[in-house]
Amino acid sequence: MLNFGNLFPLFFQFFRRKWTEIDPSVEICSNVSTSRIVRMTASKTGSGPFYDRVAAVDTLRRAWEKVKANNGAAGGDGMTVARFALVAESMIQRLAGALRSGQYRPGPARRAFIPKKDGGLRPLDIPCVHDRVVQGAATLVLDPVLDKAFADSSFAYRRGRSVAQAVARIGSLRRQGFTHVVDGDIRAYFERIPHDRLITKLEQHVDDQAMVDLIWLWLETYSLTGRGVPQGAPISPLLANLYLDAVDDRIERAGVRLVRFADDFVLLAKTPASAEKALVEMTRLLAEEGLEIHPEKTRLVSFEEGFRFLGHVFVRSLIVREVQEEDIPDEDAIAAAERLLTEAEATRPAEGSDATAAPPRERSDPVFPVYVIEPGRRLEAKGARLRLVDDIGRIVDLPPGQIDRIELGPGTDATLEALELAAANAIEIDRVNGHGEVTGRYEDVGPERARRHLAQARTVLDPARRLALARTIVDARLRNQRALLRRLNRTRKDAEIAEACVVLNRTIRSLDTAADIDAAMGYEGAGAAAFWPAFGRCFPEPFRFGRRSRRPAPDAANLAVNVVCNMLARDVRAVVIRAGLHPGFGVLHETADGIDAAVHDLMEELRAPVAEACVAASFNRKALTADSFVLDVGTRLTRSGWAAVIRAYESWVAQPVRSPRSRRDVLWRALMLEQAYAYAEACEQGTPYRPYEMDY
């Protein structure tokens, strides 16, 4: 029996196959960083004209007085307003110091539900008392600045404006001939405000990065979806008004008049046709902002028919108040938040409902690997079938038509006939070392796609197209890192993880300024610097880690990430070859001999949702334990550890995932193949490439 490793040079001389010595590096990172990225991550010390005023003791005291007066419920830390009051002055001093030093982190919010008048439930995220104090201070500082820019048609939570004024404006407009009305409601408005767009609007008025980052930190802490401002937080009404201000201005240019109180509004027009057009225009404007009209709560009416708004009935020239005082909306933001919290304290949380049955999922798995890791196993050919034979003669048949790749670990072997049969059936055979790295490969040459390769080369050689595609790849990597952290932080509520998401938010928003590939790689590096320490906090003890280190892996978690990333790389390479792409032509990663740059490019969008998510789940679910590793000179997997990693990875990629193109549920390897073909299409036709984006 010839030794497997010694056969490859001989095969290369006699057969039209490709034998490639593989660089075991899976993730190629650049240390390049721009000055903007350095500023983004170099210091956590908070300072800025608005931020400094928020951090001032006097401002925090004023905010505390408002919180105390309203006596709302406790947040996620259980601290009540009454208990906070006992140590209020010392807590305010500590908050001021933490804000000035950049050490302030929000505590956990408490989720509660209160009944709506229509029978539904309103979700509330109740911040801790100390966070409500800081948010109240931010509201006191920002409100005078933002309120000056708000349209006259907005009446909710604004100083000097009231429900009575909104009601009076409606009466005045009726007398001016605006007798036809769109009585409207925005569906789940507070829960659906997109963070990125909200921050963009905030930055137009607030030139203070520390202040913006503080608000972004609250948004990240209380929402894992990149959407929504928490009802129950003092800062939320101000942010909600800010987000709709542009819509307020634009709708009145259509010749109608608006009266809005938070997410409830009326549009007043002089004719039925104008009212219908106004509804269409409002629907369009809200859609542009990622929002939608609530169809069941929106209608076209006239003063003759009558309608209800803000606890009043409007019929012809009559305006009748129909509700009790406590049902009138609050007109002060902090008071409104605290009143909701008081209601939540007295309301039993809603019971969880039974999950509805999931629809049938279509499964398609184009890549089916076989792992041979037990020493002494040998791959042989028997007629048209492959088979595995152990050292005592036991046989396992492997039908070639159902296999895409065979991985041979240390101490295993293969016959020449088996290699030839595998190649004839387009089955790739990889020699894998004890670190999960490919040290050799025997494969068929793959489909001849010279035109596709040429299109790839043109993309790489066109600076503008290459940069655009590289930015897209980095953007997907950053967004999926953020999505994974948000998922892992659902129950942890770790403020450091939320802070990392804020850095990722800023990095994503700044990426379009990358002027070249090095700058794009720099942004990826900035994201990695925030991601890995936060990701390491999501592991159980003793497997937590603070930095990413590849070779040699200093700990079990880093080793597991290395191994699973290598497995993902082999899956991605298989689909790259199947799609007729050249694995070496990269746009983000530099094209060089011995580097599968295109594979690394396509892996970027998959690292977080596949490799890193799989590893985190394996440790947290105890599929990988201390017994899976040997920690002596370096770190390595035991034989049982290898089997556990393989089981974990195969279980993970066997999960269904929603295809962004077909909108069907497919398995991960089918999605990888779809993405490879989509990448090829982008190179050949110049169309935008759409990476997979992980949801929350």
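Which residues of H13 are buried? In this predicted model, local features need pLDDT of at least 70 and side-chain atom pairs count only at pLDDT 80 or more, while totals for chains, interfaces and linings use all residues. Residues are numbered from 1 along each chain as its sequence is written, and side-chain values use heavy atoms, with hydrogens and water left out.

The buried set in H13 is Ala275, Ala278, Met282, Leu285 and Leu286 (buried: under 20% relative accessible area; exposed: over 50%; partly exposed in between; 1.4 Å probe, protein chains only). They sit on the same side of H13, because they cover an arc of only 90 degrees around the axis, taken from the directions from the helix axis to the C-beta atoms. Lys277 and Val280, both exposed, are on the face turned away from that buried side. Packing against the buried residues are strand S4 (180-185), helix H12 (236-252), strand S6 (264-269) and strand S7 (299-302). Helices (H or I, at least four residues) and strands (E, at least two) are DSSP runs, numbered from the N terminus. Just past H13, glycine 290 adopts a positive phi of about 80 degrees.

Now for the cores, each a set of buried Ala, Val, Leu, Ile, Met, Phe, Trp, Tyr and Cys residues joined through side-chain atoms within 4.5 Å. The largest nonpolar core has 96 residues, and Phe535, Phe619, Tyr649 and Trp668 touch the most other members. H20 provides the largest share of this core, 14 residues. A second, separate core of 74 residues includes Met282, one of the buried residues of H13.

Notes. Contact means heavy atoms within 4.5 Å.
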